Amino acid sequence: MQIQDWRNAEFQKYKDFSLAQFLQDQPLPMGVTSDPQGRKRQEAIWELFTSECVYFLDRLMVLKEVFSATLTNLQQNNCLSEVDSWTLFANLNELCLVSFSFLNNLLRVIKNMSSISQGGGPTLLELLSKASVFQESICHCLEKYCLNYSTALLYLHNLMPREDFGSYVKWCEKNEQCRRLQLRDLLVAPLQRLTRYPLLLRNIAKRCQMFEESRELQVIAEKVDTSICDLEGKVKWLDNYQKVKQLRDALMWLPVWERDKRAFIPESLKHLLKAITLDNLISHRSLLHEGKLVLTENTKLIDVYLFLFDEFLLITKIKRTKKRSINSEQNHLRLQQNLELDQLLKEGCTFMVLDQPISLDRLQLKNIDQLNASTSGLPHSFIIMHHNRYQQCIGAFILQAPSESAKREWMAKMEGAVTALLKLDSQQPRVKSTSSWLESSQI
């Protein structure tokens with residue numbers, strides 16, 4: 001099977017040229033400035049152009065013509081027909097069109113080198129600002145791709161064990177156009193490109209001799225920075241939404257007569273005390289940190305999994321079953337930064353909440369120093385104390401982390417969450433009760 005090589009555009013020949021080589025290649029004499037600052041400006045514009053060439057030709061087009069086109073061809077021949085091309089490549093075609101258009105327009109600007117050498121910025125600024133190239137075209141297109149990126153990585157992770165899909169990926173990666181880059185390396189290229197745009201634009205702005213031009217380029221760079229910040233917020237929100245969606249079905253809330261053996265409730269009366277479901281307790285919360293620790297319970301050490309939300313902490317026991325509780329469609333939405341929870345859910349584990357959620361405004365941390373930790377045989381440990389509204393300790397948990405650095409990270413995350421909640425409460429107090437559950441200040 002032959003792979004189409006789409007490299008016929010005029011800008012392709014200049015990808016590896018220096019600015020001097022480009023000027024020598026032109027049929028008509030181009031404006032070359034003797035001013036060092038003007039020369040640096042030319043070089044900065046040329047760097048924007050050549051780096052975009054590399055991004056388009058060696059990243060986007062390789063994804064499109066080697067990987068995406070091959071998958072399409074295979075699917076037309078009834079191979080890998082169940083693989084979702086959009087989940088893997090998202091709006092790759094749109095990225096290619098936007099970058100292709102930007103390169104052609106930028107090359108036209110650069111060819112007017114006499115204008116560039118004399119500081120004639122309007123042509124460049126017309127391309128970058130008046131046409132809203134970055135804010136409305138490049139950034140908007142890249143945002144759609146980036147929001148799908150974590151899903152694409154997890155989808156790829158789940159597909160790779162398949163022999164047929166693994167063969168397809170390996171065959172594509174052997175193509176000389178990949179230059180030894182793997183599919184993962186190519187998929188991350190649009191994210192890397194987006195974060196580099198502000199640096200390239202500011203590099204040009206610093207070398208502009210005209211104040212107005214420099215200021216306008218700085219404004220464009222700031223708009224791209226704002227788009228990146230907005231995107232980061234959306235990615236965090238989406239990741240939190242996906243994690244909480246998974247957890248909602250895996251968390252188990254025991255009734256009081258199972259949680260406390262001293263609570264005797266006749267079977268005929270249990271229906272009166274059944275708690276309103278707490279499934280939605282976490283629905284609108286932000287999950288700040290999660291992970292496995294060891295809890296000291298009597299003389300035993302048991303594995304627990306902690307979930308630190310923006311308002312409370314859940315300490316849960318891991319209950320392992322043979323049943324698979326999370327299907328692959330939900331599973332591939334998790335970010336790949338921490339797959340421990342993903343693996344537990346794959347194994348069908350559920351999480352039994354110990355006692356009750358610990359509201360952060362009722363939580364107190366106690367560090368166990370190394371001397372006491374060694375004496376008690378509890379390395380890397382700390383204590384969580386749960387207080388009621390009268391400052392009585394109604395629960396204490398000794399937790400052991402896998403390392404001293406992991407312990408410090410957990411304590412720092414909890415202290416930061418407590419501080420943030422108390423600050424928020426001082427500005428806008430939470431509603432103390434709703435029709436379905438009570439805040440800990442009423443306990």
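1. Cavities. The structure, a predicted model, holds 3 cavities of 30 Å³ or more. A cavity here is a set of points on a 1 Å grid over the protein atoms alone where a 1.4 Å probe fits but cannot get out. Volume is the space filled by probe spheres set on the points, which are joined across faces, edges and corners.

2. Largest cavity. About 60 Å³ of space lies in it. Its lining (residues with an atom within 4 Å of a point) consists of Glu52, Tyr55, Leu95, Val98, Ser99, Ile138, Cys141, Leu142 and Tyr197. Helix 2, helix 4 (92-111) and helix 7 (133-159) each give two or more of these residues. Helices are DSSP runs (H or I, at least four residues), numbered from the N terminus.

3. Main core. The largest nonpolar core has 74 residues; Phe49, Phe67, Phe89, Leu128, Phe134, Phe165 and Tyr168 touch the most other members. Such a core joins buried Ala, Val, Leu, Ile, Met, Phe, Trp, Tyr and Cys through side-chain atoms within 4.5 Å. Helix 2 (residues 36-76) gives the most, 16 residues.

4. Helix 8 (residues 163-173). Phe165, Gly166, Tyr168, Val169 and Cys172 are buried (under 20% relative accessible area; exposed is over 50%; 1.4 Å probe, protein chains only).

5. Basis. Residues are numbered from 1 along each chain as its sequence is written, and side-chain values use heavy atoms, without hydrogens and water. Local features need pLDDT of at least 70 and side-chain atom pairs 80 or more, while totals for chains, interfaces and linings use all residues.

Note on methods. 1 Å grid on protein atoms, 1.4 Å probe; cavity = no way out; pocket = protein on both sides within 12 Å on 5 of 7 lines; lining within 4 Å.
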